[in-house]
Amino acid sequence: MSRRTETLPLLTATPGTSRQLTVHRFGSPGARPKAYLQASLHADETPGLLVQHHLHRLLAAAEDRGDIQGEIILVPYANPIGLSQFGNGIHLGRYEAGGAGNFNRNWPDLFTPIAERLADKLGDDEAANVAAIRQALVAHLAAQEPASEMHALRLALAGMAVDADLVWDLHCDDEALMHLFLIPAHWPQAADFAADLGCHAVLLADDSGGNSFDETFSTPWTRLAARYPQHPIPAACLAATVELRGTSDVNDKLASGDAQALFHSLQRFGVIAGDPPPPPRPLCEATSLDATDSVRAPCGGVLAYAVQLGDRVEAGDTLAWIVDPAAEPDKARTAVVSQASGIVLSRRLHRYVRPGLAIAKVVGKTPLPHRQDGYLLED
């Protein structure tokens, strides 16, 4: 049995304080395929914490049976910094309180530092190219010295994920249906994964513009393939952001079902032995992220929705009203309309808004002109 638990200390931010990551490892180090799963990088997104609890139990039982064929790294909470951030009893775990920004934005570019040094190390053997690229990625991160607590956190997480075949980052939205973010190179390879999870949307983008965690590990492969077209370079890291519905969708029934779905997908990718059941009937097609309307509030006030999650709407339909409670009743309501035709995937949990805040996503199929600016994520 090779199951083990480690604690990784982070750089101390101030005297008298310290934080650490807990890491559960299954299988043999270096075995393939390697899977890396983490929860709550946005620390106020709680569903993944409970899912990882249930998945840990399934993985421990599989290890006891000798069924772990590859290597699995399970990080039950990816962000002890954000987990500690409370203000007046409210958990504030999406942004680093010291001003370092969104925990899941501006992750480092891993393509540029290694691209040139690989020029004379690539050849006609795809497997050898994959090994050389992984070696370069690992070496680049290993040479970095943490300059802050947050930098130390990022280096620790990236160092475990950078050479994985699968990187699954568990998040959630405010109120939402289950969905995935992927790069197009991993579709339809991930179709059964999406079906196992019961996804209502799979949103594809070569580059969403935010330097999110998942794209840090998936996009170097496609960029290297474009840089060196004469050499076979696969998209060797299937990295995904898994949106586990909404922030209050936290209970044992949902979490145990999601953990079982992740377990079945790990079996399908050969990380765990066994024959999973056939995947459920897919609930959606994959669509381009720039066809999803990220609807924003045009003004401030009280948000009153006119639609429910899963409703199908047409472009021009009213999704919500923003109400100015002090205005004359006949002038108090501003309609918020969809620019896409499709299903309502998410809504904002808090019903008081200011201008510019994202209040909904509508998953369409036709790219939208206002979504062509290169930044496709919410703040």
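Which residues does leucine 157 touch, not counting residues up to four places away in sequence? Leucine 157 touches Leu21, Tyr36, Gln38, Leu41, Val75, Ala78, Trp107 and Phe213, where contact means heavy atoms within 4.5 Å.

## Basis of the model

This is a predicted model, in which local features need pLDDT of at least 70 and side-chain atom pairs count only at pLDDT 80 or more, while totals for chains, interfaces and linings use all residues. Residues are numbered from 1 along each chain as its sequence is written, and side-chain values use heavy atoms, with hydrogens and water left out.

## Overall form

The protein contains eight helices and 22 strands. Helices (H or I, at least four residues) and strands (E, at least two) are DSSP runs, numbered from the N terminus. Along its principal axes, the C-alpha trace spans about 70 × 55 × 45 Å.

For 379 residues, a compact globule would have a radius of gyration near 21 Å, and the protein agrees with this at 21 Å. This radius is taken over C-alpha atoms, and the globule rule is 2.2 Å times the number of residues to the power 0.38. Buried residues account for 52% of the 379 residues; buried means under 20% relative accessible area, exposed over 50%, and partly exposed in between (1.4 Å probe, protein chains only). Of the contacts between residues at least 6 apart in sequence, 73% join residues at least 24 apart.

## Nonpolar cores

A nonpolar core is a set of buried Ala, Val, Leu, Ile, Met, Phe, Trp, Tyr and Cys residues joined through side-chain atoms within 4.5 Å. The largest one has 43 residues, and Tyr36 and Leu157 have the most contacts inside it. At least two residues of this core come from each of strand S2 (20-27), strand S4 (71-75), helix H3 (112-115), helix H4 (126-142), helix H5 (149-161) and helix H7 (213-227). H5 supplies the largest share, eight residues. Another core, of 38 residues, lies apart from this one and includes Ala35, Ala39, Leu244 and Leu266.

Two strands pair if DSSP finds at least two bridges between them. S11 runs antiparallel to strand S13 (residues 238-246), joined by three bridges, and leucine 180 has valine 242 of S13 as its bridge partner. Four bridges join S11 to strand S12 (residues 201-204), and these two run parallel; here histidine 179 is partnered by alanine 201. From S11 the chain crosses through helix H6 (residues 191-197) to S12 in a right-handed β-α-β crossover, meaning that, with the strands pointing away from the viewer, the path from the first strand over the helix to the second runs clockwise.

Alanine 185 is found in the loop between S11 and H6 and, at 42% relative accessibility, is partly exposed. Leaving aside neighbours within four places in sequence, alanine 185 is in contact with Thr222 and Ala235. The C-alpha atoms of alanine 185 and serine 218 are separated by 9.1 Å, although these residues are 33 apart along the chain.

## Cysteines

With a disulfide defined as a pair of cysteine sulfur atoms within 2.5 Å, the count comes to zero. For cysteine 199, the nearest cysteine sulfur is that of cysteine 284, 6.1 Å away; cysteine 199 is buried, with a relative accessible area of 2%. For cysteine 237, the nearest cysteine sulfur is that of cysteine 199, 18 Å away, and cysteine 237 is buried at 0% relative accessibility.
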